[in-house]
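Please find below a colleague's note on the structure. It is set out as numbered points for reading beside the model.

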Amino acid sequence: MDDGRYYWKGTLRPNVLPNGWAWEVAAIYNNDHPAPVMGGSVRVVLLNPSIDTVINALGWRPHHLLYCPKDGTYLCTTRKEDMSYGTQYETTAVQTLTWANKWLMALELVMTGDLSKELFNSPVGI
């Protein structure tokens with residue numbers, strides 16, 4: 001990227017929604033990766049559909065989202081209990097994309113009615 005960060009761009013398909021719904025995402029490494037930060041040092045940003053499109057379609061904002069000025073709104077892909085400064089928790093793109101796929105799968109389950117919005121939005125929902 002222009003600021004020296006690395007990224008991966010690709011498509012995730014949780015396969016809950018019919019017709020092979022696809023999510024185009026970017027996994028962006030922080031410059032200080034690996035650093036233990038809430039949400040992880042690799043951020044997953046929805047590209048298509050964008051998170052704003054998703055929020056507008058849902059009519060509500062999922063709780064498991066974080067924000068940074070550089071990248072905008074991104075998926076929270078690291079649990080609080082995974083963060084430790086004594087034993088450094090290092091995220092990789094593979095770990096982060098696995099959690100992002102789980103995040104999107106849970107959202108798709110909400111969209112099909114198989115998971116409640118309330119459970120999705122709870123701290124242990126996804």
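1. The model is predicted: local features need pLDDT of at least 70, side-chain atom pairs count only at pLDDT 80 or more, and totals for chains, interfaces and linings use all residues. Residues are numbered from 1 along each chain as its sequence is written, and side-chain values use heavy atoms, with hydrogens and water left out.

2. Helices (H or I, at least four residues) and strands (E, at least two) are DSSP runs, numbered from the N terminus. In α1 (51-58), the buried residues are Ile51, Val54 and Ile55; buried means under 20% relative accessible area, exposed over 50%, and partly exposed in between (1.4 Å probe, protein chains only). Viewed down the axis of α1, these buried residues fall within an arc of 100 degrees, so they line one face of the helix; the arc is that of the directions from the helix axis to the C-beta atoms.

3. The face of α1 turned away from its buried side carries the exposed residues Asn56 and Ala57. Just after α1, Gly59 has a positive phi of about 85 degrees.

4. Strands β4 (residues 65-68) and β5 (residues 72-75) pair in the antiparallel sense over 4 bridges; pairing requires at least two DSSP bridges between two strands. A hairpin through 3 residues joins β4 to β5, and Gly72 in β5 is the bridge partner of Cys68.

5. Pro49, in the loop between β3 (42-48) and α1, is joined to Asn48 by a cis peptide bond with omega about 0 degrees.

6. Asn15 lies in the loop between β1 (7-12) and β2 (23-29). Its phi is near 65 degrees, a positive value in a residue other than glycine. Asn15 counts as exposed because its relative accessibility is 56%.
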